[in-house]
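Keep the 3D view open as you read.

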Amino acid sequence: MIEAIIGWGRGSKVGIVLLVIAAFAVAGMVMIQGCNIGDMVKVHVPREVQKGIRIPSKITLNEYAMTMEQWIEHCERGTDRFAAAGDRAYGIFNFMKTITTTGLGMGTTALESSGIPGGTIISMLMAGGAGLMLKQPGAGREIQQAKEKSFNAGLRKAASIANGNGGSA
């Protein structure tokens, strides 16, 4: 059978061309079989992700899953830091609000603690300390809503980047 194919190939130029193409195709398939195709496919990384986790503009498909995990961790870290900064700001705000809403002027507390030396200052410190320990009604709900909103925004951004929208969603 092989002799018949070779004989047919000798008599025709088309046969020789087809045999050469078939030989190259078989050789190419053998070489590609040993390669990882995921290394050949490139993924374009949006600029926001490049800056956020410091990676090149193109990565291989094999690196994509690991890079996506790094991006999600980066977003969660940023969300946690932002939430902590908001918590600190709420603490300061609540302290200032306590001072202004409880009427801790020198004249109002002086009458209550006039018999104790330094009573006015002690009364002010105690009221301020109590105000720091108490949360204002609804403060926890506002903080939780801000955290959820920030986290969901980060997930939407990561999903849009993963879908190739470049973070424009």
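By class, the residues lining the largest cavity are five nonpolar, two polar and one charged. Here Ala, Val, Leu, Ile, Met, Phe, Trp, Tyr, Cys and Pro count as nonpolar, Asp, Glu, Lys and Arg as charged, and the others, Gly among them, as polar. You can pick out the lining yourself: I72, C75, E76, T79, F151, G154, L155 and A158.

A cavity is found on a 1 Å grid over the protein atoms alone, as a set of points where a 1.4 Å probe fits but cannot get out, and lining residues have an atom within 4 Å of a point. The count comes to one cavity of 30 Å³ or more, and the largest cavity has a volume of about 50 Å³. Volume here is the space filled by probe spheres set on the grid points, which are joined across faces, edges and corners.

## Where the model comes from

This is a predicted model, so local features need pLDDT of at least 70 and side-chain atom pairs count only at pLDDT 80 or more, while totals for chains, interfaces and linings use all residues. Residues are numbered from 1 along each chain as its sequence is written, and side-chain values use heavy atoms, with hydrogens and water left out.

## The overall layout

The chain has eight helices and two strands, in the order α-α-α-β-α-β-α-α-α-α from the N terminus on. Helices (H or I, at least four residues) and strands (E, at least two) are DSSP runs, numbered from the N terminus. Of the 169 residues, 20% count as buried. Buried means under 20% relative accessible area, exposed means over 50%, and partly exposed is in between (1.4 Å probe, protein chains only).

## The open pocket

Now for a space with a way out: a pocket is an open set of grid points with protein on both sides within 12 Å along at least five of seven lines. The largest pocket holds about 200 Å³ of space. It has 14 lining residues, and V43, H44, P46, Y64 and I161 are the closest to its centre. Two or more lining residues come from each of β1, α5 (61-101) and α8 (139-162), with α5 giving the most, four residues. The lining divides into 10 nonpolar, four polar and no charged residues.

K147 sits in helix α8 and D87 in helix α5, so the pair ties together parts that are 60 residues apart in sequence. K147 is partly exposed at 33% relative accessibility, and D87 is partly exposed too, at 31%.

Also in helix α8 is N152, which is partly exposed with a relative accessible area of 36%. The C-alpha atoms of N152 and T79 are 9.7 Å apart, although the two are 73 residues apart along the chain.

## A nonpolar patch outside

On the surface, I32, I37, M40, V41 and L61 form a nonpolar patch with about 440 Å² of accessible area together. Patches are made of residues with over 30% relative accessible area and no salt bridge: like charges are joined within 9 Å, nonpolar side chains (Val, Leu, Ile, Met, Phe, Trp, Tyr) within 5 Å. Accessible areas come from the Shrake-Rupley method with a 1.4 Å probe, and for residues only the protein chains shown count as cover. V41 lies in the loop between α3 (37-40) and β1 (42-44), and at 37% relative accessibility V41 counts as partly exposed.

How values were computed: A salt bridge is a side-chain nitrogen of Lys or Arg within 4 Å of a carboxyl oxygen of Asp or Glu.
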